[in-house]
Structures are given as structure tokens and as C-alpha cells.
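Biologist: I would like to go through this model with you and ask, for each term you use, what the term rests on. Could we begin once the structure is in view?

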Amino acid sequence: MVRQPQRIIEAALINGIGPVMARDLLAMPENRWGLLRDRITDRRQGKDGLVARCMACDSEVYIKTARLRKMSRPLFAHYSGGDPDCRWHHGRRAAPDEVRAAQYQGRQESNFHRLMCEQIAEVVELDERHIRHTIAKYLPPTENKHGRYPDIYVEWKGCGAFAIEFQLSGTFQTEISARCKHYEYEGIPLLWILFGIDISAVVQQSFLDVIRRHRGNAFVFDPAAIAASKEQKTLMLTCYLQNAEGFDAPKLVRFDELTIPRSKLPFHEDRIVTPLLAEIERRRRPWFEALADWDHFAPLCNLDRQQGLLVAAAFSIVATANGKERNYASDHPNIRAMLNTYLHTGTLAPYTNLLTRLIANTSMVDLLGTTVGDHLRRHSAEQLVDEESSVEWRLLKHLLPEALDAVIRDELKYLDALPGWAITTNVSPPRPFQVISPPSAAPA
Ligand SMILES: [Zn+2]
């Protein structure tokens with residue numbers, strides 16, 4: 001039988017980011033769309049996050065996942081109660097109760113759950129820093145309206161409190177969001193421990209959602225972790241680190257050696273930010289190398305001279321924003337003189353909108369208030385390159401995504417990992433120390 005083709009929402013408008021097409025979403029790596037998915041759900045739960053709206057009917061949408069050829073693929077979907085007349089509407093979702101019923105199948109899981117809680121309680125008590133712990137007891141709020149019932153809650157001398165939640169077979173994304181945000185606001189680190197994850201098979205979406213919140217770390221309390229905890233008299237966990245194909249071989253980690261970011265979801269190694277910044281650096285490295293001894297005339301990596309000068313000017317802006325003033329585009333003593341000259345002669349005139357966007361999204365934003373800003377306005381060509389169709393714009397967006405790719409820029413901001421050169425607000429302490437990982441492909 002041939003199934004009715006489902007209509008899909010072809011584009012959504014995400015606040016702070018702009019329009020995102022369904023095909024953009026499909027082209028994103030899993031962690032990129034996954035973070036958007038998390039944050040849209042967070043917002044829907046009334047916490048800080050993102051609002052996404054269907055571009056046909058303006059009602060709110062979220063990112064749902066569908067399995068296709070064993071891969072989890074993202075697509076926008078209306079929340080139930082969205083506009084039924086929307087031309088991209090594709091019918092009713094299953095009622096949450098039906099799904100919930102299917103999810104909590106049986107008491108076996110809850111018995112196992114109870115045993116695991118007791119097992120954790122037993123090892124946290126071995127640590128001399130242990131002050132007290134509770135199992136599934138009400139924890140009154142300090143910042144939120146309501147309290148919660150963490151599976152395990154521990155207070156430690158010297159390292160504050162810690163909450164642990166066990167992720168059962170299919171906790172809802174909304175539930176995951178609610179708990180993550182709750183503990184973030186309370187300022188209590190939350191550790192999700194996964195039950196029965198099988199990393200040799202396709203890992204289910206609800207696990208992946210939790211793993212991403214922990215920056216690509218999957219924590220398990222398995223027999224190896226129990227044995228190590230007893231031996232070291234503290235809470236040890238088995239940690240699977242996500243890589244491009246699946247997961248690394250497991251490692252034993254101590255709970256008190258994990259990094260705790262602003263989200264309060266600890267990790268052993270950041271498998272989201274680190275690979276992303278490394279990948280961007282890889283894209284840029286050959287360009288910095290080519291620019292280092294460019295004579296301002298010969299074709300730069302197969303570009304014509306005007307395009308080459310644009311790239312050289314853009315990289316000069318970035319290097320200078322990074323505190324290492326460079327002028328790759330001319331012999332002028334500084335980038336201001338270089339930019340003003342090329343704008344005045346018309347060489348960079350087709351790119352004034354691109355250069356303005358770039359400068360506005362770097363620590364060099366103040367340039368726009370100088371003669372450079374005047375020149376950008378005055379010498380703007382009639383035919384400007386645009387973001388959608390120009391080769392130059394696409395190239396620079398790819399090479400300098402921290403400033404020019406709205407989705408990546410926003411993601412790095414959210415993860416507190418936007419490099420100092422791409423931060424526009426005036427930060428008082430010296431910039432290099434604000435940065436988690438500065439682009440080392442910038443010239444030394
Ligand atoms: Zn719609």
C-alpha cells in the first residue's frame with residue numbers, strides 16, 4: 001500500500017537565528033540540530049531557550065525526529081493545537097497518554113531502578129566527604145517555584161550538592177528539559193545515568209538527548225563502575241565519549257573530577273565544542289598559510305584578485321580582533337587605512353554589507369563608528385553580494401562561522417564557547433582569558 005506523502009514544514013523562523021529551512025536542518029550534524037531541539041523544548045517549558053515558528057502559519061514548532069535508514073533525522077513539527085489549516089500541517093500527533101502508557105511497561109524496570117538507587121547510595125556513603133543523601137525525596141526549591149524529587153540527592157563537604165537522575169528506556173524530551181533546567185536554575189549539578197545503553201546498536205533518541213546535554217558524554221553505573229567506586233571509596237562512573245562514528249571505549253571517571261559548565265550538566269571531555277572548534281580551525285588553516293606570504297596580486301587559492309582581497313581583508317579583521325593585528329591585504333600600516341582605501345577605490349564596494357556584518361560580529365565592532373563605518377556606507381556598490389547566492393559570502397561564512405553563520409554563532413554563545421574575537425560586548429578582563437579555545441589557526 002502506498003502511504004500518503006506527509007507534508008513537512010519547509011521552514012521555521014527561530015528567534016535570534018533567523019529562518020532555518022527543513023533542508024538546512026537535515027544537512028546539520030546531529031549535535032547542531034540536537035541543540036536547537038533541546039533549546040526549543042526548554043523555551044516551551046517556560047525556561048530560557050529558543051522560539052521556532054512555522055513560516056507558513058506562524059504557530060510554534062519543535063524539532064521532532066524520525067528514523068530513516070537507521071538514522072535519526074530531524075524535522076520541524078507543529079505542537080498539537082497548532083493551526084490545523086496550515087498548508088504544512090500533517091495531522092494529529094499521537095496523544096501523549098498513549099505514548100506514556102507504552103513507555104512505562106511494567107514494574108521490572110522500576111524494581112531495577114530502585115536497586116540502582118540503593119547501589120549508588122551505598123557507594124556515596126563510603127566517601128568521607130558525604131554529609132547526607134536522599135533517595136526519591138522531595139527537594140524544596142530555592143530558585144524555582146516547585147521542588148523536585150531527584151532519584152538521588154547528595155551533599156558533599158567541599159563540593160556542594162549533586163543530583164542524579166536515572167534515564168529509563170524512554171524519558172520524554174520535555175521531561176529531560178524540565179529536569180535539566182530545574183537544576184540549572186537551582187545551581188545544582190545534575191548527572192544523568194543511563195540504563196542499559198547498548199552502544200554497539202543504534203542508540204535511542206531519548207538517550208542521545210541526554211548524552212548531548214552532557215556534551216557528548218554517556219554515563220553508566222555498571223559493574224565496573226560499582227567495583228571501582230568501592231575500591232576508591234567515592235562515586236565512579238563509566239563514561240562513553242561520543243565520537244563521529246559512535247563512542248570511544250569506556251573510561252572510568254570520578255564524579256568530582258568532571259567539568260561543570262553553566263548548564264550544570266557535568267562532562268569528562270567536551271565532545272561538542274572541542275571537535276567543532278577544531279573543525280573550523282582545520283578549514284581556516286590553509287587560508288592563513290596562503291595569506292601569510294601573499295603578494296596582494298597573485299591568485300589566492302584560485303580566487304580572482306578582488307575576491308582574494310576580500311578574503312585578505314576579512315582575515316585581517318579577524319586577526320586584529322583576536323589581538324594580533326595583521327594586514328594581509330595591502331601595505332598600509334593598519335586595517336583602517338587598508339579598508340578605507342579599498343572602499344574608496346571601489347574594490348571592496350560590492351561587499352560592504354558582508355564586511356559590515358563581519359565587523360559587527362567581532363570585537364572590532366567599534367570600527368563601524370569610525371571613518372571605516374562612513375566609508376562602508378558611502379562607498380557601497382549598487383550591486384551588493386548577498387548571503388544566499390554569492391560565492392564570496394558562502395566562502396567566508398564557511399571560514400568564519402563564529403561571526404557569519406548565525407546558527408553556529410548562536411550555538412557557541414549558548415555553550416559559552418564563542419571565541420573572544422567574535423564577542424561584541426565590552427568585556428573588562430583581558431580577552432584571551434575569556435575564551436575557552438581561541439582559534440589557534442590565527443597567526444602567532
Ligand atoms: Zn504551520
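Modeller: Two strands are said to pair if DSSP finds at least two bridges between them. Please keep in mind throughout that this is a predicted model.

Biologist: What makes β1 and β2 a pair of strands?

Modeller: Strand β1 (residues 11–14) and strand β2 (residues 18–21) are joined by four bridges in the antiparallel sense, and because at least two bridges are required, they count as paired. Within this pairing, A12 stands opposite V20 in β2. The hairpin that β1 and β2 form has three residues between the strands, and there G16 takes a positive phi near 80 degrees.

Biologist: Why are β10 and β12 called edge strands?

Modeller: They belong to an open sheet of three strands in the order β10-β11-β12, with antiparallel pairing. The strands β10 (217–220) and β12 (251–254) each pair on one side only, and that is what the word edge refers to. On average, neighbouring strands of this sheet are turned by 45 degrees against each other, with direction ignored. As for the bridges, β10 and strand β11 (residues 236–241) have four between them, in the antiparallel sense, and F219 has C239 in β11 as its bridge partner.

Biologist: What makes you say that helix α7 packs on the sheet?

Modeller: Helix α7 (residues 223–232) touches β10, β11 and β12, where a contact requires heavy atoms within 4.5 Å. The direction of α7 makes about 135 degrees with that of β11.

Biologist: How do you know that the buried residues of α7 line one face of the helix?

Modeller: The residues in question are A225, I226, A228 and S229. Seen down the axis of α7, these buried residues fall within an arc of 170 degrees, so they line one face. On the other side of α7, P223 and E231 are exposed, a word kept for residues over 50% relative accessible area. After α7 comes K233, with a positive phi near 50 degrees.

Biologist: What puts the buried residues of α12 on the same side of that helix?

Modeller: In helix α12 (residues 371–378), the residues V372, G373, H375 and L376 are buried. They cover an arc of only 165 degrees around the axis, and therefore they lie on the same side of α12. The face turned away from that buried side carries the exposed residues R377 and R378, while the cover over the buried residues includes α10 (335–344) and α11 (352–360).

Biologist: Why is D38 called buried?

Modeller: D38 has a relative accessible area of 1%, and buried means under 20%, so D38 is placed among the buried residues. D38 lies in helix α2 (residues 30–44) and, leaving aside neighbours within four places in sequence, is in contact with Q173, D209, R212 and R213.

Biologist: Why does Q242 count as buried, although Q242 is found in a loop?

Modeller: The test looks at accessibility: the value for Q242 is 13% and the cut-off is under 20%, so Q242 counts as buried. Q242 is in the loop between β11 and β12, and the residues it touches, not counting those up to four places away in sequence, include E30, N31, L208 and R271. Across the protein chain, buried residues make up 51% of the 444 residues.

Biologist: How do you know which parts of the model to read with care?

Modeller: Where pLDDT is low, the predicted coordinates should not be read in detail. The mean pLDDT of the protein chain is 86, and 88% of its residues reach 70 or more. Confidence is lowest in helix α3 (residues 96–103), at a mean of 42, and highest in helix α14 (residues 401–404), at 98. Over residues 92–108 pLDDT stays under 50, and the model has twelve contacts beyond four places in sequence for them. Over residues 427–444 pLDDT likewise stays under 50, with 28 such contacts in the model.

Definitions and conventions: Residues are numbered from 1 along each chain as its sequence is written. This is a predicted model: local features need pLDDT of at least 70, side-chain atom pairs count only at pLDDT 80 or more; totals for chains, interfaces and linings use all residues. Side-chain values use heavy atoms; hydrogens and water are left out. pLDDT is the predictor's confidence in each residue, from 0 to 100. Axes are lines fitted to C-alpha atoms, for helices over the stretch in contact, and angles run from 0 to 180 degrees between N-to-C directions. Buried means under 20% relative accessible area, exposed over 50%, partly exposed in between (1.4 Å probe, protein chains only). The arc is that of the directions from the helix axis to the C-beta atoms.
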